[in-house]
Amino acid sequence: EAGVAQSPRYKIIEKRQSVAFWCNPISGHATLYWYQQILGQGPKLLIQFQNNGVVDDSQLPKDRFSAERLKGVDSTLKIQPAKLEDSAVYLCASSVGTTGREQFFGPGTRLTVL
Amino acid sequence: KQEVTQIPAALSVPEGENLVLNCSFTDSAIYNLQWFRQDPGKGLTSLLLIQSSQREQTSGRLNASLDKSSGRSTLYIAASQPGDSATYLCAFQKYNFNKFYFGSGTKLNVKP
């Protein structure tokens with residue numbers, strides 16, 4: 001069974017530039033999560049999708065971050081414009097059911113904002 | 001605000017030692033607690049899941065316990081090996097919510 005795929009693995013940009021990350025969950029997984037993990041901290045949930053609908057985006061900085069999951073499969077997370085404090089690893093995870101008890105994580109995208 | 005604290009932040013031990021990682025949380029109304037392992041450049045891998053009605057779970061050399069009343073969980077690793085070197089994160093879910101609240105992790109180094 002293929003795991004959660006993410007790309008790119010690394011990205012370096014200047015502040016105020018835009019960046020987008022892509023995630024392809026495990027086939028058949030209805031729920032998709034985007035987490036932000038700042039160095040030395042645990043992951044923090046940014047947004048959760050159930051199929052193509054948003055379940056929780058309470059911690060998503062909506063003035064600069066956006067995410068979509070068209071057709072309820074893969075997803076993109078965008079930052080526009082980026083700030084220095086956005087430097088982090090962005091993790092995508094997916095789960096089969098709605099409880100999210102078993103979440104499978106992708107390798108993450110490491111973003112550096114200069 | 002949900003808070004999860006992990007102590008110590010880093011730990012270095014010689015191979016073969018038994019060790020304990022600690023996790024404390026402020027909210028006792030949890031649905032389950034999980035311990036994850038994170039290797040550099042890789043995602044998280046779930047190690048053990050303890051439901052709120054359970055007290056502990058075991059998998060191989062790993063044993064995790066949960067004490068909701070005191071807001072604590074411990075991960076016990078027996079006979080540590082260099083391959084156990086990684087960051088260990090605990091996280092809990094609140095009842096009926098999918099969101100994980102993560103601690104900041106304990107970075108473990110097991111020296112050969």
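Modeller: B:Arg37 counts as buried, at 17% relative accessibility. Buried means under 20% relative accessible area, exposed means over 50%, and partly exposed lies in between (1.4 Å probe, protein chains only). This is a predicted model: local features need pLDDT of at least 70, side-chain atom pairs count only at pLDDT 80 or more, totals for chains, interfaces and linings use all residues, and side-chain values use heavy atoms, without hydrogens and water. Residues are numbered from 1 along each chain as its sequence is written, while chains are lettered from A and ligands numbered from 1 in the order in which they are written.

B:Arg37 meets B:Asp39 in a salt bridge, 3.0 Å from N to O. The term means a side-chain nitrogen of Lys or Arg within 4 Å of a carboxyl oxygen of Asp or Glu. B:Asp39 is partly exposed, at 22%.

Chain B also pairs B:Arg61 with B:Asp84, and their closest N and O atoms are 2.8 Å apart. B:Arg61 sits in the loop between β6 (56–59) and β7 (62–67), and B:Asp84 in the loop between β8 (72–77) and β9 (86–94), so this pair ties together parts that are 23 residues apart in sequence. The strands are DSSP runs (E, at least two residues), numbered from the N terminus. B:Asp84 is buried, at 7% relative accessibility. B:Arg61 is partly exposed, with 29%.

Now chain A. A:Lys62 bridges to A:Asp57, with 3.7 Å between the closest N and O atoms. A:Asp57 is partly exposed, with a relative accessible area of 26%. Over all chains, the search finds 4 salt bridges.

Definitions and conventions:
Helix = DSSP H or I, 4+ residues; strand = E, 2+ residues; numbered from the N terminus.
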